[in-house]
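Here is a short report on one structure. Look at the sequence and the model, then read on.

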Amino acid sequence: MIVDVNLGSRSYAIVVESGALGSLGARLRALGVGARTALVSDGAVMRLYGKTVAAGLEAAGFAVTPVEVPEGEAAKRLDVAELCWDALLAAGLDRSSTVLALGGGAVGDLAGFVAATYMRGTNFVQLPTTVLAQVDASIGGKTAIDHPRAKNLIGAFHQPRLVLCDPATTLTLSRREFSSGLAEIVKHGIVLDAEYFAEVERDAAALLGRDLPVLERVIGGSCRLKASVVERDEHEAELRAVLNYGHTVGHALEAATGYTRFVHGEAVALGIAAEARLARRLGLASEETVARQERLLEAVGLPVRADAVDVEAVLAAIARDKKARDGRVPFVLAPRIGAFRLVYDVSADDIRAVLGALRAGRG
Ligand SMILES: NC(=O)c1ccc[n+]([C@@H]2O[C@H](COP(=O)([O-])OP(=O)(O)OC[C@H]3O[C@@H](n4cnc5c(N)ncnc54)[C@H](O)[C@@H]3O)[C@@H](O)[C@H]2O)c1
Ligand SMILES: [Zn+2]
């Protein structure tokens, strides 16, 4: 499946296909970019897929400089970006060259930031290898490194020239990392497309079993939904906020537990459960709408209840949300499957009540 992202002169294609990595050389040639490339990846992903990617590029006539960065969030640091700039310079990359990100969202965010800043911007190609990166992080041009005081604080919008999603790469993910990415897929269905949500409900078991044709279809569908939001709001003015569904509470849960207890998708699943209950509590959604969201999250291996949640710590983290405007944190709520509404002025007591209900066996 090919999903076009229409952004005028910054338009690009998202290719979703098992084995897509094998077509990289030809697709890059078709873009007419220069002969030099830098392949940014972490050690684990480089060992799994680096050779295939580099060989394909070289066979198509490209020079490849591998740049290995730390795994996970440790890659999104200024000193790592600096090492990348040094490597690009040493290999003689210029503005016609291409930086390729092979890996999860962390590698993509860092490599995108490097591509956005090196010589004021070089070509950038995303080769996402986690579910989260395929359906979310690789699309939309948000690049970032972390600041000691907050994640993703330093960055730029820099759209890729091409996104190549190979669902077969997700077969080597741990069960936990795999399910984590499915939270974004469920999120897309809930707030953007009831038909897609029903499709994921129907295919949940095959999806969790990593059936490749189903993975390809579901990942492709999710890319299409994210792309449509990016097309309508490239620089996150308003509509793109819809993608924060489950994330106001989810991010706060991650922050309040020091980013160690939950992987991102687990925190988002709990965030969705809490925000679904918030919509119910405010009289916007039915009990069945809440139950369907929780059933699907559980069916794809994600939690909807958690013991020992420190409600006050999570509430404090919500108040520090960087999306807050004049002290008010907007919540994206789902009045029904396939729809959303931005709600301001949610009281601390309502948030407390739904966080309390996350504790196992209650609510
Ligand atoms: N730019 C955006 O719009 C955007 C959106 C969402 C998230 N993000 C960012 O994405 C990051 C999270 O991304 P993530 O969830 O992909 O995690 P990640 O990038 O931290 O990768 C997680 C781990 O998976 C391993 N891995 C990657 N692909 C693998 C594969 N195919 N097989 C085996 N192991 C593999 C990596 O080595 C790493 O250890 C965060 O930094 C977040 O801020 C960015
Ligand atoms: Zn997310």
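A residue counts as near a molecule if its C-beta atom, placed from the backbone, lies within 6 Å of it. The model discussed here is predicted.

**The ligand shell.** Ligand 1 is surrounded by 30 residues. The closest are G104, G105, A106, T130 and A137. By class, the shell around ligand 1 has nine nonpolar, 12 polar and nine charged residues.

**Two domains.** The chain divides into domain 1 (2-172) and domain 2 (175-356). Their C-alpha centres are 26 Å apart. Domain 1 brings 23 residues to the contact, and domain 2 brings 25 residues. On the side of domain 1 that touches domain 2, β1 (2-5), β2 (12-16), α5 and β8 each supply at least two residues. Helix α5 gives the most to that side, with five residues.

The table sets out two groups of residues by class.

| Group | Nonpolar | Polar | Charged |
|---|---|---|---|
| Side of domain 1 that touches domain 2 | 15 residues | six residues | two residues |

**The core.** In soluble globular proteins, nonpolar side chains tend to be buried together. Here the largest nonpolar core holds 118 residues. Within this core, I14, V40, L102, L110 and A334 touch the most other members. Helix α11 (residues 264-281) gives the most to the core, with 10 residues. Both domain 1 and domain 2 supply at least three residues to this core. Leaving aside residues up to four places away in sequence, A334 touches I190, V191, Y245, A276, A279, A285, T289, A339 and F340.

Conventions
Residues are numbered from 1 along each chain as its sequence is written. Chains are lettered from A and ligands numbered from 1 in the order in which they are written. This is a predicted model: local features need pLDDT of at least 70, side-chain atom pairs count only at pLDDT 80 or more; totals for chains, interfaces and linings use all residues. A nonpolar core is a set of buried Ala, Val, Leu, Ile, Met, Phe, Trp, Tyr and Cys residues joined through C-beta atoms within 7 Å. A residue is buried if 20 or more other C-beta atoms lie within 10 Å of its own, exposed if 12 or fewer, and partly exposed in between; C-beta atoms are placed from the backbone. Helices (H or I, at least four residues) and strands (E, at least two) are DSSP runs, numbered from the N terminus. Domain bounds come from an automatic or database domain assignment. Two residues are in contact if their C-beta atoms, placed from the backbone, lie within 7 Å. Ala, Val, Leu, Ile, Met, Phe, Trp, Tyr, Cys and Pro count as nonpolar, Asp, Glu, Lys and Arg as charged, and the others, Gly among them, as polar.
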